[in-house]
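Reader: I have a model open and want to go through how it is put together. Can we start with the sheet and work outwards?

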Amino acid sequence: SREASIHSADNGTTGSALTLRSRAWFDDPHNPDMTALYLERYLNYGLSIEEMQSNRPIIGIAQSGSDLVPCNRHHLVLAERIKAGIRDAGGIPIEFPSHPLQETGKRPTAGLDRNLAYISLVELLYGYPLDGVVLTIGCDKTTPSALMAAATVNIPAIALSVGPMLNGWHEGKRTGAGTIVWKAREMLAKGELDYAGFLKLVASGSPSTGYCNTMGTATTMNSLAEALGMSLPGSAAIPAPYRDRQECAWETGRTIVEMVRADRKPSDILTRSAFLNAIRVNSAIGGSTNAPIHLNAIARHIGVELTLDDWERHGADVPLLVNLQPAGEYLGEDYYRAGGVPAVMAELHAAGLIDGEALTANGRTVSANLADARILDEDVIRPFARPLKHAAGLTVLSGNLFEGAVMKLSVISEEFRSRYLSDPERPDVFEGRVVVFDGPEDYHRRIDEPELGIDENTILVIRGAGPVGYPGGAEVVNMRPPTALIRAGIHALPCIGDGRQSGTSGSPSILNASPEAAVGGGLALLRTGDRVRIDLRARSADMLVDDAEIAARRQQLTEIERGITPESQTPWQEIQRSLVGQFATGAILEGSEKYQRIAQT
Ligand code: FES
Ligand code: MG
């Protein structure tokens with residue numbers, strides 16, 4: 001059992017006969033020159049030859065927090081407890097920085113840097129004498145980039161979430177990070193707030209250290225890391241400042257040493273079953289539409305077959321159980337008090353929707369981890385029999401606009417349905433006139449121009465926002481209506497785009513369209529004034545433009561492409577553009593997936 005192995009780890013040098021990878025650097029009698037070279041510099045801050053050659057696992061701590069990454073900055077504090085756990089279990093911690101990846105701070109978009117953080121971490125894990133690694137995760141892309149790298153290298157790895165911020169409050173009401181921005185913008189547009197009041201209201205949603213306290217991409221990806229089995233059960237939801245978070249850091253440090261001794265690697269945990277579990281959990285938590293991009297990317301790096309269709313097939317019918325903003329009303333602290341991920345998984349498990357045999361980081365199965373899990377507050381986490389929404393997963397659409405795009409069915413309101421219904425006999429078919437924007441700058445510049453004729457039956461389209469077009473892909477598809485329309489009470493228009501959408505927004509959008517306009521996808525052919533039809537039953541989305549006209553427009557495609565694809569501003573933008581794939585298949589650096597399990601080579 002894990003208990004027993006941790007105790008046996010307490011005396012440091014005992015344990016399995018496993019040859020540690022780090023021995024090749026630090027203790028190779030056949031190669032004294034290199035051993036001396038590798039060893040001597042790690043002694044210069046106080047490590048001793050004795051401990052470096054005592055067969056103790058060398059454990060990396062991939063530090064994602066810094067002053068540049070406020071969401072993960074608390075990991076600088078937690079690292080001390082991780083190190084204590086590693087030492088207590090007989091390992092030697094070595095902390096190193098990973099590429100900074102702050103969602104709100106990086107331009108043109110943090111999406112550009114996910115794959116950069118990935119290749120950088122692969123190089124570090126492969127090239128240095130590490131037997132195992134603690135991945136410190138939190139802000140949106142820090143989680144997938146770290147799990148992708150651990151998958152490629154395949155040394156024992158465990159993720160530690162930094163945890164969400166405390167709940168935000170304003171005048172007695174919960175204000176959620178990110179989500180409050182949409183409301184504050186509306187109030188600013190209506191003149192109910194001035195500039196200073198706007199900034200203050202937005203800041204109220206971020207009251208402490210930690211990541212977004214809403215069910216945005218961060219809470220989603222940290223929850224899914226736990227659902228995948230890559231972090232300790234119950235760990236994802238603990239708010240960053242809570243003392244439980246420190247305890248969890250210590251426990252994570254102890255566990256990774258045991259994982260190295262047991263040679264428990266990402267390939268043992270990240271099985272197809274684990275991914276299907278995570279897809280179902282994503283529906284039940286109301287997870288971000290960024291989740292398919294990231295999970296498909298992790299799957300490709302570990303060599304598990306996972307497609308967009310799996311998201312629809314296994315996730316679409318799963319009900320929404322977690323009542324967190326933006327879909328619901330509560331925030332991160334409430335999620336933790338209600339039981340967090342284990343409570344959600346226990347409900348799904350009882351409904352037969354979780355493979356309980358899947359192995360997790362602590363060496364136990366999902367079923368064993370869930371033995372005592374239950375919901376502690378049924379307002380915040382609903383029982384399976386009394387969900388917030390039925391069929392809360394993603395649907396995958398295709399047609400002459402794109403081969404694949406995702407949509408959250410649960411965000412389509414009745415009021416919205418009635419505005420776009422083209423035929424009362426066919427309640428699943430919607431139609432509207434489109435207004436097309438070429439990238440985020442164009443949208444920001446023109447959205448309030450009256451000549452565009454945007455009304456309550458318009459569909460907004462943005463292109464040039466995909467992994468190639470706006471390198472890395474911009475979180476812009478959730479466009480706000482023109483100010484005049486907001487004043488008239490129209491809060492959201494349906495949006496279509498080849499970019500992503502912030503996980504903290506709740507507007508009805510069709511996103512992640514692949515292939516994107518910049519590589520010749522159908523969106524490149526669309527023009528303002530065209531009509532688009534969406535048939536939810538047929539799962540199709542098409543421009544109502546005849547084939548001859550489509551062919552004629554395709555003749556001019558290169559020009560259109562050139563018009564919507566900005567020049568690269570940095571070397572990495574150019575490199576990423578030349579290698580990156582489409583959102584539907586994870587937007588990874590194509591070709592990198594052939595490097596698998598490289599720690600064993
Ligand atoms: Fe970092 Fe939301 S911006 S978690
Ligand atoms: Mg985001």
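Strand pairing and core

Author: R433 stands opposite T458 in strand 10, where strands are DSSP runs of E with at least two residues and helices are DSSP runs of H or I with at least four, both numbered from the N terminus. Before going on: this is a predicted model, in which local features need pLDDT of at least 70, side-chain atom pairs count only at pLDDT 80 or more, and totals for chains, interfaces and linings use all residues. Residues are numbered from 1 along each chain as its sequence is written, while chains are lettered from A and ligands numbered from 1 in the order in which they are written.

Reader: How many bridges join strand 9 to strand 10, and do they run parallel or antiparallel?

Author: Six bridges join strand 9 (residues 429-438) to strand 10 (residues 458-463), and the two run parallel. Two strands count as paired if DSSP finds at least two bridges between them.

Reader: What is the strand order in the open sheet?

Author: The order is 7-8-12-11-10-9-13-14, eight strands with mixed pairing. Strand 7 (394-397) and strand 14 (540-543) each have a single partner strand, so they stand at the edges with one side lacking a neighbour in the sheet. From one strand to the next the twist averages 25°; angles run from 0 to 180 degrees between N-to-C directions, with axes being lines fitted to C-alpha atoms, for helices over the stretch in contact.

Reader: Which helix packs on the sheet, touching strand 7 and strand 8?

Author: Helix 15 (residues 308-315), whose direction makes about 135° with that of strand 7. Contact means C-beta atoms, placed from the backbone, within 7 Å.

Reader: Is strand 12 mostly covered or open?

Author: Mostly covered: six of its six residues (509-514) are buried. Buried means 20 or more other C-beta atoms within 10 Å of the residue's own, exposed means 12 or fewer, and partly exposed is in between, with C-beta atoms placed from the backbone.

Reader: And which way do strand 8 and strand 11 run against strand 12?

Author: Strand 8 is antiparallel to strand 12, with three bridges, and G404 stands opposite S514. Strand 11 (residues 495-497) is parallel to strand 12, with two bridges; I496 has I510 as its bridge partner.

Reader: Switching to the core. Which residues touch the most other members?

Author: V344 and V461, in the largest nonpolar core, which has 157 residues. Such a core is a set of buried Ala, Val, Leu, Ile, Met, Phe, Trp, Tyr and Cys residues joined through C-beta atoms within 7 Å. Helix 13 (residues 272-285) gives the largest share, eight residues. Leaving aside neighbours within four places in sequence, V344 is in contact with residues including V281, A284 and I285.

Reader: Why call helix 13 largely enclosed?

Author: Because 12 of its 14 residues are buried. Its cover includes helix 10 (217-227), helix 14 (291-302) and helix 17 (340-350). After helix 13 comes G286, with a positive phi near 75°.

Reader: What about D546, buried or exposed?

Author: D546 counts as exposed because it has 9 C-beta neighbours inside 10 Å. It sits in the loop between strand 14 and helix 22 (547-555).

Reader: Which domain does UniProt place at residues 56-368?

Author: An unreviewed UniProt entry lists "Dihydroxy-acid/6-phosphogluconate dehydratase N-terminal" there. The span is 49% helix and 9% strand, and its end C-alpha atoms lie 29 Å apart. UniProt positions are given in the numbering used here, feature names are shortened, and annotations may be inferred rather than shown by experiment.

Note on methods. Contact = placed C-beta atoms within 7 Å.
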